[in-house]
Amino acid sequence: MLKKLFLFCFLLPYTLLFSIEDLSLEQLETLRDRGAISLDDYEFLKDELEGRLEEKHSFTLFVNRNQITNNFPIVYKNDKTFISLQEYFKNINYRNFTFTNNILDMTIGEELANIMINFNTLKITGNERTNFEKNDFYFAGDELFLESNLFSDIFLNAIDIDYSSTRISMSTKYTIPNEINRLIKIQEGKLNDDRNLTNFYYTNSRELFNLGYMRFNLEKTFSKTDDVKGDDWDGYLEYQGSFLYGELTTEYNLKDGEFTGANLYYPNLPYNHYVEIYGDKNSDGRWNKSILFQKDKGYYEDGKQFVIRENVPIGSRVELVYLGATIDIGYEENGVVEFRNSELKNDREYLLRIHTKDGRRLTQIIKTNDDFNQQNPGEFQYRFFGTETNLDNRNNYDTSIYYGVTDNFTVGANYFKTYEQINNKNTYIERAGGELIYSDLFKSNAYSIVLKGEELLSDEDFERKHTFEGLAQMKFQKFKIRYEEAHFSDYYDEKSSRRATLEYNPSSYLSFDYSYVWIDEWESGKSEGSEISAEIAKSFSSLLTTLQFERDLNDENRYSLNLYYTGYRDYSVKWSNSITERGGDFESTISLFNRARQNGLDYSFEISYNEQDKEKFTFRVNIDYDNWFKFDMNSKDSGDYDISIGLDRVVDLKNITKPLDSLDTSRVKVITYLDTNNNNQFDKTENYIGDVEVEIDGIKKVTSYSEPTYFFGVPNNILYNLNPIVKRPSYDIVNSKFSLKGKGGGDIEVLIPIKPLFSVAGSIMIEDSTLNSIDIYEGLVVKIFDSNNKLISTMLPDFTGYFDISGLNSGQYKVEVSSFKDSSIKQLTTDVDIIYSNLKGNILELNFILKNNQFEIVKAF
């Protein structure tokens, strides 16, 4: 403000009667053109007149109610408040981040959450907020400033900026380093105590076989078609459980009396791979069998279409969520759910919200990207797919392997063997190829180059057996440019092809793709044309609106408008509309469904209109109540309908009478045994011991002397601390800590060693009765050491020489008797073995006699 007054006082002869409030932009430009003011002064006054003047102030910063500093910089710019990220990190002592090529990579909090902010693409990963605008940040030299709302969405639960008192208060989502340091100090004492504890941790293990869960689905259907009424019934059993060290899902048709599908799934293999062996029975009664081994990305690409595929518990209903709105609903089939949706695009983040049959909710994040199978250094990616063909029950194979040589360079190889009909003859076609992938940054812009080659290995009469493909892609700011060219062997329909693609994303809600394609086919000759795709996806609070336009190579245009509303309690509404340029095929669908079960009730309603169908209007209702009752209705404007009523129930086959708390659960098998040799292992010679109270997830049970004790429906992915309470005297768990965590798969076997407690007791007698025995006893001490020579206990005998050292486990010890008052009395050390089977009780008797200042053992067993 002083600078402003000074400038106008200096410019008074030039401005004549102009006042500070009356000065206009045109007058300011006139002063600049006349040389009356410098260019810096002109820029300063112009920013002031346009309200863009940057003002920097110092605030008192409070984080989680603790005052951190009274000199925290806050900047006002363009009517927005900005916070210095560097100053925030410095004041909370946060250093676990990197900032290179305008990409901020952070690991935050006790949970070590990973968040990445890309200021080139304006994308955020690992956070609920996934994008931002260009005006939400700016750089001032080496300092980065974030707009306060963006800063809060990433780091905070709440923020309060008091401009009048220059005070800013923050409540963080993640534990900040200052608090972590305080917690560490608090935990140090506890950790010191825990060092002497034996830790037992239990979780699931893969099993050869373990009885699992069964879904019973029986329904009666009433229908009407062309004024003809009918009724029928259907039913199937769906089973899921551990088998051959994997997870088996099968389906059995009760009406036809036959199995119709099976899936054996092995997740969590090295390098995040999985194996899936599956089959289904087709209409002619033959089984289609396949095996798949590949990296688990949560999605795959079918041509240009992304398909999300995830293994889920039987009976699950799954929401596909994008930008906070539910855009699709899928239902489990044979342990798997799949989504094919026009909203599935490249470089996006989706959320799967999985509702198990009993109402529990799980979440899974899926990120789509065109990584071209790029691998980290030393990392592998494998794929093996084998499936049976419809031709003479022959098999097809599709294999590939990728290896990361460096951070930027990946090599790959692939092999295909397919049984096909070539020139009216069935034969195997073999192809093999290699691949080179290189990705790097050029002036902070990411680029990738992919080169592929393939050779036909078959003896068929192909003139050209070589295939060469190349791809180059670069991303800069909001653009992505890609060029692809390929020259194919005779095996393919195309002789050669070229494609040039431009993707433009000017904002987080607008995208535009343009491709021009040249194709030369062996039989049809040459053709070329353009493909265009444009989309607006804008979220207004709880309403997501997407408008799409697509034009294919045949110059046919397609328009679609979709609205998704999730703002009222746990309800969602989806309204989708589509039409092509030729018209006559308009489709519109409105769906209403609840996103979370309420009092056991799950339901959805749908009404659709289709100009091409005979029945233009279709009305559908689905109701599922409390994991047992199911109702479906599908009616058309012609009067035709299908109504089904039935039973849909999932049970634990090991305890069918107990309602399941969750399908994502584990059974816990608890055995408390008498660890007679103190080796913390359940040996064949050791017996069960009962009367031990164990609590898991709020359920308490007392163990048995003759059989295991089971806990059913214990939720997975929660760490439970067990605190066994031994109710029998002279038995205890002795310096042990027990915890378990379910991860899916087989049962969790909890083996709790219960230690029989022993005592070493006896008397020290003095041979010479003329001596003052009381004075001698006051100086005697009995010590006991374990097999590692660690002092276990120290005991002073009473005035009669009696001592008793209790709380000992079976094992080897050393007992030391000495006097700390009379140095002439010689110390005696003797070895003792406490063996459970050798003792009639829990006391080992050990007596000494003191003769001529020397201890002798009188009796020991």
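Predicted model: local features only at pLDDT ≥ 70, side-chain atom pairs only at ≥ 80, totals over all residues.
The loop between strand S13 (209-225) and S14 holds Asp226. With a relative accessibility of 53%, Asp226 counts as exposed. Asp226 and Asp640 are 414 residues apart in sequence, yet their C-alpha atoms are 6.7 Å apart in space.

The protein as a whole contains eight helices and 60 strands. Of its 861 residues, 43% count as buried. The protein exposes about 46100 Å², and carbon and sulfur atoms supply 50% of this area. Among contacts between residues at least 6 apart in sequence, 48% join residues that are at least 24 apart.

Strands of a sheet pair through backbone hydrogen bonds, and the pairing may be either parallel or antiparallel. Four strands of the model form an open sheet in the order S4-S5-S6-S7, with antiparallel pairing. Strand S4 (97-100) and strand S7 (123-125) stand at the edges of this sheet; each has a single partner strand, so one side of each is left without a neighbour in the sheet. From one strand to the next, the twist averages 10°. Four bridges join S4 to strand S5 (residues 103-108) in the antiparallel sense, and Thr100 has Ile103 in S5 as its bridge partner. Helix H6 (residues 148-155) packs on the sheet and touches S5, strand S6 (113-118) and S7. The direction of H6 makes about 40° with that of S5.

A further open sheet of four strands has the order S55-S54-S57-S58, and its pairing is antiparallel. Its edge strands are strand S55 (791-795) and strand S58 (828-834), each of which pairs on one side only. Neighbouring strands of this sheet are turned against each other by 20° on average, direction ignored. Strand S54 (residues 780-785) runs antiparallel to S55, and four bridges join the two. Within this pair, Phe785 stands opposite Leu791 in S55.

Both senses of pairing are found around strand S52. This strand comprises residues 748-756 and is mostly covered, with seven of its nine residues buried. Strand S44 (residues 665-674) runs parallel to S52, and seven bridges join them. In this pairing, Ile752 of S52 is the bridge partner of Thr672. Strand S50 (residues 731-732), by contrast, pairs with S52 in the antiparallel sense over two bridges. Here Asp732 stands opposite Lys755 in S52.

Strand S27 (residues 395-404) likewise takes part in two pairings. With strand S26 (residues 380-388), S27 pairs in the antiparallel sense over nine bridges. Gly386 has Tyr397 in S27 as its bridge partner. With strand S28 (residues 409-422), S27 forms an antiparallel pairing over eight bridges, in which Tyr415 of S28 is the bridge partner of Thr399. S27 and S28 form a hairpin, with four residues between them.

A loop residue, Tyr492, was also examined. Tyr492 is found between strand S32 (479-487) and strand S33 (494-507). Its relative accessible area is 23%, so Tyr492 is partly exposed. Not counting residues up to four places away in sequence, Tyr492 touches Arg431, Glu454, Thr467 and Trp522. Tyr492 and Trp522 are 30 residues apart along the chain, and their C-alpha atoms are separated by 8.5 Å.

Technical notes:
Residues numbered from 1 in each chain as written. Heavy atoms only, no water. Buried < 20%, exposed > 50% of the residue type's maximum accessible area, 1.4 Å probe, protein only. Pairing = 2+ DSSP bridges. Axes fitted to C-alpha atoms, helices over the stretch in contact; angles between N-to-C directions. Contact = heavy atoms within 4.5 Å. Areas by Shrake-Rupley, 256 points an atom, 1.4 Å probe, with all protein chains shown as cover.
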